[in-house]
Amino acid sequence: MKTSLKALGLLAILLTVVVIGGCGSSNAEGGNSSSEQDDATKPVAVQGAMDVEVSALLDEMEDYKTEQQGGYTFYVGEIDDIPVVVSRTEVGMVHAAASTTLLIDEYEPKAIINQGTAGGHNPNIHVFDTIIGTEVMNIGSIKTDHLDDEKGMEPDSWHFMKTQMREDGDIKEVASFKSDPELVEKAWNVKGKYEYGNVVKGKIGSADVWNREIDRIQWFHEKAGTDAEEMEAASVAQVAEGFDIPYLSIRTVSNSEVTNDDIEDLEKAGQYGAEFAIEVVKEIGK
């Protein structure tokens, strides 16, 4: 009798293991984990560093849930039945990188649109014009040649440094980060809906600086080919590329030292840029 009970006990344990193992195997092969959710259910992420860069998006969503991750705020809702998460990144390269990492980890977006305001570098691009950033570059990453004490500075000899990225275990160097071509095309498709200026394609420069020296701005424009500058896009693009998430930069010019516009208006530029981003989201969701 004792031997029979032991045998029955072992049989019960084996059956339990088989059932649990079978359930786990079924879920791995046919289940829908959050990391494998259907692309249609994944949100489009839209970022803005400041309240003036996200307020129009929140007005469009109307009904949304506010979530806090550390010092970063995310607003989860829909635009035209399209799942959307709006991220207020805060200003600066480190804030943008940190909030983007949290965004990807928590919400698994199918695309990231980094949008907001920018200062103009191109004399042909005016205040309230909007730039679809086909590429973004970290213009704060610069190497200088050695000069002895009291020899001054020689900006013409400065070199832009490339960003190192690890891919499949190997290091690659990136001079600039390209926006996803399909997202660029979708943004270009809705350029006619922008009413406040021209929509152009261009190159965005990012750094934790606010340049107002005309010679320095012209130096960036000539040496790096930048059309505008801001403080987040390149770090967002770097993180997005590291996680293989499609990325797009959109920037509306709020001020320029190299045109005669004589306008500096972050609030209007932030509003106009976010309204354009809404149209891009709708185009993505078609």
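In which sense do strand 6 and strand 12 pair, and over how many bridges?

## Strand 6 and its partners

Strand 6 (residues 130-138) and strand 12 (residues 199-206) are parallel, with 8 bridges between them. Here Ile131 sits opposite Val200 of strand 12. Pairing takes at least two DSSP bridges between the strands, and strands themselves are DSSP E runs of at least two residues, numbered from the N terminus, just as helices are H or I runs of at least four.

Strand 14 (residues 247-256) runs antiparallel to strand 6 and is joined to it by 4 bridges; Gly133 faces Ser249 there. Strand 11 (residues 177-178) is also antiparallel to strand 6, over 2 bridges, and Lys178 is the bridge partner of Glu135.

## Helix 2 against helix 7

The axes of helix 2 (residues 51-61) and helix 7 (residues 266-284), lines fitted to C-alpha atoms over the stretch in contact, come within 7 Å and cross at roughly 45°.

Contacts (heavy atoms within 4.5 Å) on the helix 2 side include Val52, Ala56 and Leu57, and on the helix 7 side include Leu266, Ala274 and Ile278. The contact residues divide into 6 nonpolar, 3 polar and 5 charged.

## About the model

This is a predicted model, where local features need pLDDT of at least 70 and side-chain atom pairs count only at pLDDT 80 or more, while totals for chains, interfaces and linings use all residues. Residues are numbered from 1 along each chain as its sequence is written, and side-chain values use heavy atoms, without hydrogens or water.

Technical notes. Axes are lines fitted to C-alpha atoms, for helices over the stretch in contact, and angles run from 0 to 180 degrees between N-to-C directions. Ala, Val, Leu, Ile, Met, Phe, Trp, Tyr, Cys and Pro count as nonpolar, Asp, Glu, Lys and Arg as charged, and the others, Gly among them, as polar. Buried means under 20% relative accessible area, exposed over 50%, partly exposed in between (1.4 Å probe, protein chains only).
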